[in-house]
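Hi,

Here is the structure I promised to send over. Have a look at it first, and then read on for what turned up in it.

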Amino acid sequence: MALLLGLLCTLCLVGQVLGQDITHEEYLAQIQACPRECSCPPNFPRAVYCDNKGMKSIPKIPPYTWYLYLQNNLIEVLSADALRNATQLRWLNLNRNKITSEGVEEGVLSTKPNLAHLYMDDNLLSSVPSALPASLESLRLSRNRISKIPPGVFIGLDKLNLLDLQANKLMDDAVTEVSLKGLNNLVQINLAKNQLNSMPIGLPPTTTQLFLDGNNIEKIPAGYFKGLPKVAFLRLNYNKLGSSGVPRDVFNVSSILDLQLSHNQLTEVPLIPAGLEHLHLDHNNIKSVSGANICPVDVETMEDSANESVPRLRYLRLDGNDIKPPIPRDVILCFRLLTSIVI
């Protein structure tokens, strides 16, 4: 009876698996080819778990793998031979290894026509890997040693919408229109904690989320955001921005919803765009705030909070400055949708 029940359970499991777009023959081949160092769950045969094994090299990966987890190891080389059969790979996690740019073997990534997500955070890369597959949607390379973006490395990556280069060694001459060419549909780019002294040039007009925290940026060119008509989330915390380097109306862009300028050297509140909802100005050198100077519309023209002309600001952070409460009445009258002010 126990044997019969076991057989029935196995048949049920196989039945569930075969509903996951994998044939019986592929299922058997996948399970049988599972590396002994890794785990290949029978109920999730498309995934191969080789994380946290202390391995120094990548074993040969089964042919029907979609999801490959190799994070938290000691891998130094991204081997083309080890991944040769894994042509269906869609998701590759190599975070927290010891892979260098020299260790990324030629063709190892470009031969994966379905690869959509590549994670290589916390490695030893000195350059953005190339060549990358046209199928790539997200590329995460934070906390490496990247100082170079090879010209043309992103050409053909029309599906790439997320690029994370946080905490690397990129300088102004590395982030240019030439090096970023090809990012035609990018939505989010993270360049925080690099060595930038100026606002990056050549960002695609599709950019919606731009993160530049923790650089050495001192000024923003007038009209800079005219080339970024879709930018909605902008982070410039922990830079060296002073009011003299920030044109008063530089942020007057209708698309911006969330603006973060904390821990800079501002002495004045910049003009707030009418559509802005969240503004972080804490830990600057601001001494006063006046509705007459920062309100984007004429207060007298605003009839009620339902009026489209009413500024949309809901959250305002001003703590860590030299501003003494209370907040002036004209500020409250202008930003009447405010639900939270931190001072």
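Phe44, Trp66 and Tyr67 make up one aromatic cluster. Before going further, please note that this is a predicted model, in which local features need pLDDT of at least 70 and side-chain atom pairs count only at pLDDT 80 or more, while totals for chains, interfaces and linings use all residues. Residues are numbered from 1 along each chain as its sequence is written, and side-chain values use heavy atoms, with hydrogens and water left out.

Back to the rings. The structure has six aromatic pairs; to pair, rings of Phe, Tyr and Trp (its six-membered ring) must have their centres within 6.5 Å, and planes under 30 degrees apart count as stacked, over 60 as edge-to-face and the rest as tilted. One of the pairs is Trp66 with Tyr67, which is edge-to-face because the ring centres are 6.4 Å apart and the planes stand at 70°. Trp66 is buried, with a relative accessible area of 11%, whereas Tyr67 is partly exposed at 23% (buried means under 20% relative accessible area, exposed over 50%, partly exposed in between, with a 1.4 Å probe and protein chains only).

Trp91 and Tyr119 form a stacked pair, with 5.5 Å from centre to centre and 20° between the planes. Trp91 belongs to strand S3 (residues 91-93) and Tyr119 to strand S4 (residues 117-119), so this pair ties together parts that are 28 residues apart in sequence. Strands here are DSSP runs (E, at least two residues), numbered from the N terminus. Trp91 is partly exposed at 26% relative accessibility, and Tyr119 is buried at 14%.

Some rings also have a charge over them (NZ of Lys or CZ of Arg within 6 Å of the ring centre and within 35 degrees of the ring normal). The charged end of Arg90 sits over the ring of Trp66, 3.5 Å from its centre, and Arg235 lies over the face of Phe211 at 3.9 Å from the ring centre.

How is the protein divided into domains? Domain 1 covers 38-169 + 188-204 and domain 2 covers 218-300 + 308-342, with bounds from an automatic or database domain assignment. Their centres, taken over C-alpha atoms, are 37 Å apart. Five residues of domain 1 are in contact with eight of domain 2, where contact means heavy atoms within 4.5 Å.

Finally, Ser262 sits in the loop between strand S10 (258-260) and strand S11 (278-280). Ser262 counts as buried because its relative accessibility is 6%.

Best wishes

Methods. Helix = DSSP H or I, 4+ residues; strand = E, 2+ residues; numbered from the N terminus.
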